[in-house]
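Biologist: Before we use any labels for how the helices pack, could you take me through the values and the cut-offs behind them?

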Amino acid sequence: MEISYPSNNSLPRRLVQALWICGSLSLAIRLWIGFTFPITGDEAYFYQWGVYLDWGYYDHPPMVGWLISAMLYLFGDSTLAIRLPIIILPLALGALLWWALSAVDRVRAAWAVLFFWLVPLNWLNTLITTDTPLIFWSVCSIAAMVRAELRKDEDAKTLALYALSGIFLGCAFLSKYFSVVLGLCYVAYVLLHRRSRWKALLVLIACALPGPAINIIWNMANGWPNVMFNVFNRNQGEVFELRKPALYLLTYFYLLTPGVVWYAVKNTNALGVVAKRWSILMYLVCVPFIFFALISLKKVVGLHWVLSFYPIIFAVIALALPMQTLKKCATAIGAFTVLHLAALVFLYSTSLPYWKSFKIYPEVVRSYRTQELLAQVEKEGAVIMGNAYTPSAIYAHTLKKYVPTFGVGKYHSRQDDVLIDFSAYNGKTIRVITFAKPDVSDYQDFFETIEILSFNQDGADFYVVHGTGFIFKNYKEKIINEIADHYYRIPLWLPLTDCPFCRRYCDAMRCTKPL
């Protein structure tokens, strides 16, 4: 089976109309959700990155913090402003898909954009995370790489496209470490399939290196928190479970939608033709699929992990399927999305009392009634703290001041370790908010006097540990030392120029026995 790609074909009128309707209507829905939906814990956490600008942060490289800071500066301090990048992202990715493919076949490029815009994720997702800039810069890099590969001669313009792809890859690295998988795709493609372009690959790599260099320098001066989190702390105790690879396959089935999977299976021969003709695209699909499949043998692969390569699959589908099948595929995707929109309408038709019988009701109240809840807790002279990083971040976003987390916390979201010096609270009054009734024994060693207060907000009970005379010495012995032992056992093979956490509490660059 042969597929021809005319270089200059006009777009059917109905296809153009479908693109305009889908693009504008999905944008309107994303804007509405972005304006009305309360901020989530992750978003509130990353909001603080935008407030406290740095060259890096505990969990990940700094790009999402820089992006949020720019949005706050340009559009003001609002939830919608924070979410604008993810709201606009599908339109930008569609434009990049078009740029990458339209030089070969404008009609099939348009179908690829339509498929991508039709999927439920691009109608409903308005939550900004580290994946937002990662996806954008990754697809920018991919589009430039594809355009470079379409050029026959390795001339100055071709090398400029490879250099541009490398710069975008470096920006992706400053977003999240999963960008390494994209670099792996490029290396595998050139070494196994396109060896004549090895010089171009070197240009790409050289232009990408400033991103990792910035991240390495910052990590060396901050106790390698990105490496400690992503390599060591978050992977302890992971073991093989059959459900993990099964969930991974189910993730792809959902993201691609059942209709696309069905038509792809029915047209495997056409996919084989595209694999031979568009080798770069197949490497960009297959290498990440295999990489994450291997990870899924021990760890649950998050839905968001694969999104950097997600648009490319729709490009392959649009290039492979027979023209008469493309409309059927779009209809199937659209029907799947309509089901999600129906669920969205139902959720927005409910009111707060509807959720009282659900286990998550306290979290719903915390998100929708944050201001009222904090009004009951605030007391002059008392420092407000949360008992976990998610509520602390939500409280901080509402109060417009940083809210620390009391206790050891978990392996993720430990920006407290970078920003907070608990010795500054010695002798002060602290109020810790919790939705589960606290055990006095968990807190009494850290205060001169302690009292458990109970409150109610919209039918949800919550509690406040009111402690006076904070005893930092005891807190350091029991909490800080446990944090150091769990999260700052920095391997000796990682060179350090400094570790602010270790220096602050232990007056040394390594405050515990290293791994």
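Predicted model: local features only at pLDDT ≥ 70, side-chain atom pairs only at ≥ 80, totals over all residues.

Biologist: Where does α4 bend, and which proline follows?

Modeller: The bend, of about 40°, is at Leu89, and Pro90 follows within four residues; the angle is taken between an axis fitted to the seven residues ending at that position and one fitted to the seven starting there.

Biologist: Why are α1 and α4 called roughly antiparallel?

Modeller: Helix α1 (residues 13–36) and helix α4 (residues 79–101) pack at an angle of about 160°, their axes being 9 Å apart. Angles over 145 degrees count as roughly antiparallel, and α1 and α4 are therefore given that description. Their crossing is right-handed.

Biologist: Which residues of α1 and α4 meet, and how does their contact divide by class?

Modeller: From α1 come Gly23, Leu27, Arg30, Leu31, Ile33, Gly34 and Phe35, and they meet Thr79, Leu80, Arg83, Leu84, Ile86, Ile87, Pro90 and Leu91 of α4. The contact of α1 with α4 has 10 nonpolar, 3 polar and 2 charged residues, with Gly counted as polar and Arg as charged.

Biologist: What makes α9 roughly antiparallel to α10?

Modeller: The axes of helix α9 (residues 179–192) and helix α10 (residues 198–208) come within 10 Å and cross at roughly 165°. That angle makes α9 roughly antiparallel to α10, since the cut-off is over 145 degrees. Here the crossing is left-handed.

Biologist: How do you know which classes the contact of α9 with α10 holds?

Modeller: Tyr186, Val187 and Val190 in α9 meet Trp198, Leu201 and Leu204 in α10, and these residues divide into 6 nonpolar, no polar and no charged, Tyr and Trp being counted as nonpolar.

Biologist: At what angle do α13 and α17 cross, and which residues make the contact?

Modeller: Helix α13 (residues 243–256) and helix α17 (residues 310–320) cross at roughly 60°, their axes coming within 11 Å, and the crossing is right-handed. Tyr252, Leu255 and Leu256 of α13 make the contact with Tyr310, Ile313 and Phe314 of α17, giving 6 nonpolar, no polar and no charged residues.

Technical notes:
Residues numbered from 1 in each chain as written. Heavy atoms only, no water. Axes fitted to C-alpha atoms, helices over the stretch in contact; angles between N-to-C directions. Helix = DSSP H or I, 4+ residues; strand = E, 2+ residues; numbered from the N terminus. Parallel < 35°, antiparallel > 145°, perpendicular 65-115°, else oblique. Left-handed = near helix turned anticlockwise from the far one by under 90°. Contact = heavy atoms within 4.5 Å.
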